[in-house]
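Trainee: Please take me closely through the aromatic side chains of this structure. Once they are clear, go on to whatever else deserves a careful look.

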Amino acid sequence: MARIAVVYQSGKGHTNVLADAVLKGVRQLPEVSGEIFEITGKDVHAGRFKNQEVMEALDASDAIIFGCATYMGSASAIFKAFLEAAFLPYWLEQRWKDKIAAGFTNSASQNGDKLSTLFQLVVFAMQMGMIWVGVSDLPGNNWSGGARSDLNRLGTWVGAMGQSNADEDAPSIGDIDTAERLGRRVALICRRFRDGVSFETERMDEAGFRKQNLSRRAVS
């Protein structure tokens with residue numbers, strides 16, 4: 001059975017919503033187990049992250065999906081401390097080499113330079129020798145009939161992005177569902193990579209994708 005871990009940091013709960021959605025997507029597949037771990041400040045002492053239980057669980061996983069809030073155009077300091085903690089022994093011994101990886105982030109601004117955070121997660125995964133999986137959906141909300149409920153409404157492919165207004169408790173349903181679809185995609189690829197379970201790649205043209213997003217609006 002493929003084991004997938006979702007590890008994340010959330011300041012006010014918005015990124016937590018995305019993490020739960022990613023985990024939901026992971027758990028949609030049989031023969032795949034999903035676990036979730038929150039990185040918090042209580043495990044950071046003098047700037048150093050230390051939680052051996054979390055690190056050992058990640059080490060035992062076949063895939064790790066990383067997520068954190070974007071602050072000032074960068075990954076949060078708490079999450080960076082966690083990433084740095086992987087240096088010894090996991091980087092030095094290439095312990096996470098060939099694990100599947102993916103990422104997600106959230107900010108209050110429409111842009112917020114979230115791509116910078118995702119790039120930091122990608123570079124970390126590459127340094128660890130991991131295999132990165134991105135978002136595969138066409139862009140939503142890029143035409144006059146678009147809406148916040150659209151899948152991939154922020155037009156992101158490196159990883160899933162969420163945008164939550166400062167006076168709201170969660171990102172849009174479009175962002176949440178996009179994160180869920182990323183979790184499912186990672187599970188499909190991880191299961192194939194680990195156990196050889198094939199799957200049929202979902203493909204859709206732009207007209208079909210816009211129609212799908214319009215139909216989502218009708219039931220949301």
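Mentor: One aromatic cluster is formed by F49, F66, F79, F82, Y90, W96 and F124. Rings of Phe, Tyr and Trp (its six-membered ring) are taken as a pair if their centres lie within 6.5 Å; planes under 30 degrees apart are stacked, over 60 edge-to-face, and the rest tilted. The model is predicted, so local features need pLDDT of at least 70 and side-chain atom pairs count only at pLDDT 80 or more, while totals for chains, interfaces and linings use all residues. Residues are numbered from 1 along each chain as its sequence is written, and side-chain values use heavy atoms, with hydrogens and water left out.

Searching the whole structure gives seven aromatic pairs. F66 and F124 make an edge-to-face pair, with 5.5 Å from centre to centre and 85° between the planes. Because F66 belongs to strand β5 (residues 63–71) and F124 to helix α5 (residues 114–127), this pair ties together parts that are 58 residues apart in sequence. Helices (H or I, at least four residues) and strands (E, at least two) are DSSP runs numbered from the N terminus. F66 and F124 are both buried, a word used for under 20% relative accessible area; exposed is over 50% and partly exposed lies in between (1.4 Å probe, protein chains only).

F124 also forms an aromatic pair with W96, again edge-to-face, at 6.4 Å centre to centre and 80° between the planes. Here distant parts of the chain are linked: W96 is in the loop between α4 (87–91) and β7 (100–107), and F124 in helix α5, 28 residues apart. W96 is buried, as is F124.

The loop that holds W96 also holds D98. D98 has a positive phi of about 70° although it is not a glycine. With a relative accessible area of 41%, D98 is partly exposed. D113, in the loop between β7 and α5, likewise has a positive phi, near 55°, without being a glycine. Its relative accessible area is 49%, so D113 counts as partly exposed. In helix α4 there is P89, and the peptide bond from L88 to P89 is cis, with omega near 5°.

Next come β7 and β9. These strands pair in the parallel sense over four bridges; DSSP must find at least two bridges for strands to count as paired. Opposite M161 in β9 stands T105. From strand β9 (residues 160–163), A160 and G162 point one way, M161 and Q163 point the other way, and all are buried.

Helix α6 includes L182. L182 counts as buried because its relative accessibility is 2%. Its C-alpha atom is separated by 8.8 Å from that of G103, although L182 and G103 are 79 residues apart along the chain. A ring with a charge over it is found at F199: R192 lies over its face, 5.5 Å from the ring centre (NZ of Lys or CZ of Arg within 6 Å of the centre and within 35 degrees of the ring normal).

On a 1 Å grid over the protein atoms alone, a pocket is an open set of points where a 1.4 Å probe fits, with protein on both sides within 12 Å along at least five of seven lines, and lining residues have an atom within 4 Å of a point. Points are joined across faces, edges and corners, and the volume is the space filled by probe spheres set on them.

Helices α6 (173–195) and α7 (206–219) each supply at least two residues of this lining, and α6 gives the largest share, nine residues. By type, the lining divides into eight nonpolar, six polar and nine charged residues (nonpolar: Ala, Val, Leu, Ile, Met, Phe, Trp, Tyr, Cys and Pro; charged: Asp, Glu, Lys and Arg; polar: the others, Gly among them).

The second largest pocket holds about 220 Å³ of space. It is lined by 14 residues, of which K12, H14, Y71, N106 and A108 are the closest to its centre. At least two lining residues come from each of α1 (14–26), β5 and β7, and β5 gives the most, with three. The lining of the second largest pocket consists of four nonpolar, nine polar and one charged residue.
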